[in-house]
Amino acid sequence: MKLWQGRFEGSSNELANIFNSSLSFDTRLATYDIKGSIAHVKMLKKQGIIDASDANEALNALSELLAEINDGSYAIEGDYEDIHMAVEEILTQRIGDAAKRIHTARSRNDQVALDMKLFAKEAIYELTGSLEALIAAFRSKAYSHLDDLMPGYTHMQKAQPITLAHHLSSYIEMLLRDRSRLQDCLQRMDTMPLGSGALAASTFDIDRHFLADELGFREPSANSLDSVSDRDYLLELLFCLSALMMHLSRFSEELIIWSSEEYAYVSISDAFSTGSSMMPQKKNPDILELIRGKAGRVYGSLITLLTVMKGLPLAYNKDMQEDKQTVFDAIDTALACMQILAVLLEECTFNTAKMLKSVQESFCSATDLAEYLVKKGCPFRDAHFIVGSLVKKCIAENKWLSELSLTELKEQSRLFEQDAYQSLDPKTSVYTKSAYGSPNPDIVRQYLDNIMLYQADSNKN
């Protein structure tokens, strides 16, 4: 019999029972549900709402069940509607009437809101830890390529000389923003919903500040109706993960392109590559392609929950049960992608000689040559036209700017002197840049030195 069946006649349709049940996936919330129940029973005891002996018996039973789940000696299985009903019914089987008192002054609506917040908070700690490891992998690889030149690109066309360290550092910046977003998300979700009841709290004299302290929240939520209706914190978390996966996908895309024979900028370790079932010569970057593909999967989780929530009237609606699988999957996907990319990056090898040749055999220093003229007094727009004309001449004659004679340079502007060739040296280009954030190796090294990494604390609650 269902715990809520008092006003119903007959039994539920079996198909409806199966369709309605969430136990197949919300058992993942078991430890959070039990911890919430422990705090709730402590509060009921402190407030004199339930007898101390019943409270102590329930607390002992809850602690035993939690220990059994944690050590793997007990798995919650059976014909339960959800994890909340499962825990209560298991306790009732073990200790009888004392277990029937633990749901006093609460609803599954505020229970599940609590469970999901506890889960999401702990997930952010774990996500941040993996993110830190990935940032460290990027930083380590960047340190080893501070002076290695490569072309920087816009529109997939060679643009200006940079260093590989500068390129890798751009992804560090993205990941640092991802870390900041997760921390901001954590701050906003740090309100405790338990005690909101189904939507309008309870007539019992409950102490929600006590619950917030017990469960490790900054404060209790301020509106009971919003508390059980709110899934903004999950939407925000899914957006954070979507942005993170977008960054991982962009980097994966670049490594995929760079590992092609046409570029040959990078060699992906055989341990992270696969072959073809038909073509013996193939070495495919499948892991990177999977990361790229899984970004869409995480986006799908965000769109799913946005769509679920967009038309729901207050307060709780069963539609909101659909939040769990999408959130679980997005978190698991992001964690797996970060963890494997960190190791893949450590083990990949960059072809710095090929990168150097690629920047040397290009017009990447054209902007530097234009700035050379500007420093000689030429207006930038005129300098731009002059160098553009020189590039056009080079293309027609199949040569690079550095191969033009001084006489040929002077045909376009008398301001050119022998020192113009220094501005065409890509190494000179990156080392003469002094602006903060530029590819100058000294500036990049200082940037890498100043990155603050920290070990995310585990959620103890």
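**Exercise 1.** Determine how the residues lining the largest cavity divide into nonpolar, polar and charged.

*Solution.* The model is predicted, with local features needing pLDDT of at least 70 and side-chain atom pairs counting only at pLDDT 80 or more, while totals for chains, interfaces and linings use all residues. Residues are numbered from 1 along each chain as its sequence is written, and side-chain values use heavy atoms, without hydrogens and water.

Step 1. A cavity is a set of points, on a 1 Å grid over the protein atoms alone, where a 1.4 Å probe fits but cannot get out; a pocket is an open set with protein on both sides within 12 Å along at least five of seven lines; lining residues have an atom within 4 Å of a point.

Step 2. The lining consists of Phe138, Tyr171, Leu175, His247, Leu248, Phe251 and Leu341.

Step 3. Ala, Val, Leu, Ile, Met, Phe, Trp, Tyr, Cys and Pro count as nonpolar, Asp, Glu, Lys and Arg as charged, and the others, Gly among them, as polar. The division is therefore 6 nonpolar, 1 polar and no charged.

**Exercise 2.** State the volume of the largest pocket and describe its lining.

*Solution.* Step 1. The volume, the space filled by probe spheres set on grid points joined across faces, edges and corners, is about 380 Å³.

Step 2. Among the 17 lining residues, Tyr153, His167, Tyr171, Arg250 and Glu254 lie nearest the centre of the pocket.

Step 3. By class, the lining of this pocket has 8 nonpolar, 6 polar and 3 charged residues.
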